[in-house]
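Visitor: Hi! Could you walk me through this one?
Guide: Happy to, let me put it up.

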Amino acid sequence: MITNIEFLEEGIECKKLEKYILTEEDKKLFPGYTFKNLDEEPMEDSEDDENERIYKEDILFSTIVNLEEASYIDIIAGNRESTEYFIHHEIQLSDLIYDSVYLKKEKQYIGVATSSPDVEIYDALLFNPLVPQIKLLGHEDEVNTITYDGTDIMTGSNDKTIIQWDLEKKKPKEKYEMGVEVNYLESNENILGGILGNNEIFLRNGNDTLKTKFESEPQKLKFYNDKLLASDEDGFFYVYDLRMFDSPLIKKGLHRKCITAFDVANQCLITASTDESLKLWNYETLELQKKIQTGEPMFSVKFCPYVENYCAYGGKDLRVINMLQ
């Protein structure tokens, strides 16, 4: 099941993925395992491997794939001229992945929130890492959500806290007690939005926190211009003014069932639902522009930020579409 999609920045290019170097500390995490493939049969160290090459024209994005036997971060290479794509490489995790975020630091990182209390961050261009390149310790229960505002990572957990992380020190910078499980976070510069386990959504700006209660379970949030957008399990879509948060400016039913994901770009809103459909709307008027019957429940959707109308979405499988076609 494809549960999350993150587009990496435009123009990434490399001839060969960086090779993962097994350390003695890594070995201690897997007692009894011989690491034969890594120790005795190392990957050939050629300067240029066509199978590993990434071209700057490629559309590079990550997907989260949760299967019964394991979970994966798949790194996908797409084509600007068509909807063709292929799995360039994958990173396997033993824990269930709930959420992910792309963060560009000194490397191309993908941070994940998992069924472990640890926050894990992986180098997206590293071949077959056995462990995360950065691990953040501070939560006491499963981490449900992770977001990045361009400076700091924020995570929310079943331990009823939100942690703002100092990535340089790999330690919590601030820890906020919320009194209830934190299911989802979305950040925008100095503003943090979130979904709590009691069906409340909140806005936090500095020391001020505003909350509002939903009748049914909220699903996703997104900041767009000066608005906060939200969806719920009954198929409703909401638009809130950040200055007047007590009631929505707009509440409209867009699907028959849960809106699991949505995205906005160039005044176009796209929604994915468990009613086995994907819908494109005019964001200003919420008039339906296009409907795609997917034949299976949808759990993720994302516009490419630098190729207009290029969209990736997924349920059981990943799909790519040009919304103008």
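Visitor: Which domains is the chain divided into?
Guide: There are two stretches, domain 1 (1-177) and domain 2 (254-324), with bounds that come from an automatic or database domain assignment. Keep in mind that this is a predicted model, where local features need pLDDT of at least 70 and side-chain atom pairs count only at pLDDT 80 or more, while totals for chains, interfaces and linings use all residues. Residues are numbered from 1 along each chain as its sequence is written, and side-chain values use heavy atoms, with hydrogens and water left out.

Visitor: How far apart do the C-alpha centres of domain 1 and domain 2 lie?
Guide: They lie 25 Å apart. The contact (heavy atoms within 4.5 Å) takes 22 residues from domain 1 and 21 residues from domain 2.

Visitor: And what area do domain 1 and domain 2 bury between them?
Guide: About 1600 Å², with 69% of it on carbon and sulfur atoms. Buried area here is the accessible area (1.4 Å probe) that two parts lose on being put together, summed over both. On the domain 1 side, Ile 2, Ile 5 and Phe 7 lose the most area to domain 2, together 37% of what that side buries.

Visitor: Nice. How many salt bridges are there between domain 1 and domain 2?
Guide: One, taking a salt bridge as a side-chain nitrogen of Lys or Arg within 4 Å of a carboxyl oxygen of Asp or Glu. Lys 302 pairs with Glu 6, and their closest N and O atoms are 3.5 Å apart.

Visitor: Which elements give two or more residues to the side of domain 1 that touches domain 2?
Guide: Those are β1 (2-7), β3 (59-66) and β4 (71-78); strands are DSSP E runs of at least two residues, numbered from the N terminus. The largest share, six residues, comes from β1.

Visitor: Switching topic: how many salt bridges does a search of the whole structure find?
Guide: That search finds 11. Arg 80 and Glu 10 also meet in a salt bridge, at 2.9 Å from N to O. This pair links distant parts of the chain, 70 residues apart: Arg 80 is in the loop between β4 and β5 (85-93), and Glu 10 is in the loop between β1 and β2 (18-19).

Visitor: Last one: what does the C-alpha trace of the chain span along its principal axes?
Guide: About 60 × 45 × 35 Å.

Methods: Helix = DSSP H or I, 4+ residues; strand = E, 2+ residues; numbered from the N terminus.
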